Amino acid sequence: QLQLVESGGGLVQPGGSLRLSCAASGFNLNRYTIGWFRQAPGKEREGVSCISGSDGSTNYADSVKGRFTVSRDNAKNTVYLQMNSLNFEDTAIYYCARRFLACTLRANDFSSWGQGTQVPVSS
């Protein structure tokens with residue numbers, strides 16, 4: 001069965017780094033776009049990054065450009081989100097999700113979701 005499982009979250013200090021993993025099962029990762037989203041308390045869910053299965057193209061939200069990098073390991077059926085230079089505004093629950101079509105940062109485009117992993121950025 002289709003499954004997406006996020007991991008790698010945890011407490012990190014401002015300026016620190018963290019790498020999140022999205023382990024996929026039940027489908028071929030190279031045929032689907034995987035998106036990363038986050039939701040902070042009191043804020044709506046926002047798109048962070050995505051990577052397409054067809055050609056590996058990526059997109060990033062303006063707020064994370066230059067700090068976050070999304071990558072894919074097809075052999076392990078895993079997508080990663082490397083997060084550097086973290087700040088308090090990056091505090092959120094981070095989710096990965098799947099869609100069939102293009103790499104977008106619109107949550108409504110994605111139909112399959114993991115359960116999320118918490119990233120508290122605090123000193």
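User: Why is Gly-42 called exposed?

Analyst: Set the value against the cut-offs: buried is under 20% relative accessible area, exposed is over 50%, and partly exposed is in between, with a 1.4 Å probe and protein chains only. Gly-42 has a relative accessible area of 88%, so it is exposed. The model is predicted: local features need pLDDT of at least 70, side-chain atom pairs count only at pLDDT 80 or more, and totals for chains, interfaces and linings use all residues. Residues are numbered from 1 along each chain as its sequence is written, and side-chain values use heavy atoms, with hydrogens and water left out.

User: Where is Gly-42 found?

Analyst: Gly-42 is in the loop between strand 3 (33-39) and strand 4 (46-51). Strands here are DSSP runs of E with at least two residues, helices are runs of H or I with at least four, and both are numbered from the N terminus. The C-alpha atoms of Gly-42 and Val-70 are separated by 26 Å, and the two residues are 28 apart along the chain.

User: How many helices and strands does the protein chain have by that rule?

Analyst: The count is zero helices and 10 strands. Read along the sequence, the pattern is β-β-β-β-β-β-β-β-β-β.

User: What makes the radius of gyration agree with a compact globule?

Analyst: The rule is 2.2 Å times the number of residues to the power 0.38, and the radius is taken over C-alpha atoms. For 123 residues a compact globule would come near 14 Å; the protein chain has 13 Å, so the two agree. Along its principal axes the C-alpha trace spans about 40 × 25 × 25 Å. Buried residues make up 43% of the 123 residues.

User: What is the largest nonpolar core made of?

Analyst: A nonpolar core is a set of buried Ala, Val, Leu, Ile, Met, Phe, Trp, Tyr and Cys residues joined through side-chain atoms within 4.5 Å. The largest one has 27 residues. Ile-34, Trp-36, Leu-81, Met-83 and Tyr-94 have the most contacts inside it. Strand 2 (18-25), strand 3, strand 4, strand 6 (68-73), strand 7 (78-83) and strand 8 (92-99) each supply at least two residues of this core. Strand 2 gives the most, with four residues. In soluble globular proteins, nonpolar side chains tend to be buried together.

User: How many aromatic pairs are there, by what rule?

Analyst: Rings of Phe, Tyr and Trp (its six-membered ring) pair if their centres lie within 6.5 Å. Planes under 30 degrees apart count as stacked, over 60 as edge-to-face and the rest as tilted. By this rule there are six aromatic pairs. One of them joins Phe-27 and Tyr-32: 5.3 Å centre to centre, with 80° between the planes, hence edge-to-face. Phe-27 counts as buried at 9% relative accessibility.

User: Why is the pair of Phe-110 and Trp-113 called edge-to-face?

Analyst: The ring centres of Phe-110 and Trp-113 are 6.4 Å apart and the planes stand at 65°, so the pair is edge-to-face. Phe-110 is buried at 5% relative accessibility, whereas Trp-113 is partly exposed at 25%. Ring pairs also link Phe-37, Tyr-95, Phe-110 and Trp-113 into a cluster.

User: What sits over the ring of Trp-113?

Analyst: The charged end of Arg-45 does, 4.7 Å from the ring centre. The rule asks for NZ of Lys or CZ of Arg within 6 Å of the ring centre and within 35 degrees of the ring normal. The charged end of Arg-19 likewise sits over the ring of Tyr-80, 4.1 Å from its centre.

User: Is Ser-112 buried or exposed, and what does it touch?

Analyst: Ser-112 has 13% relative accessibility, so it counts as buried. Ser-112 is in strand 9 (residues 112-113). A contact means heavy atoms within 4.5 Å. Not counting residues up to four places away in sequence, Ser-112 touches Leu-2, Leu-4, Cys-96, Ala-97 and Arg-98.
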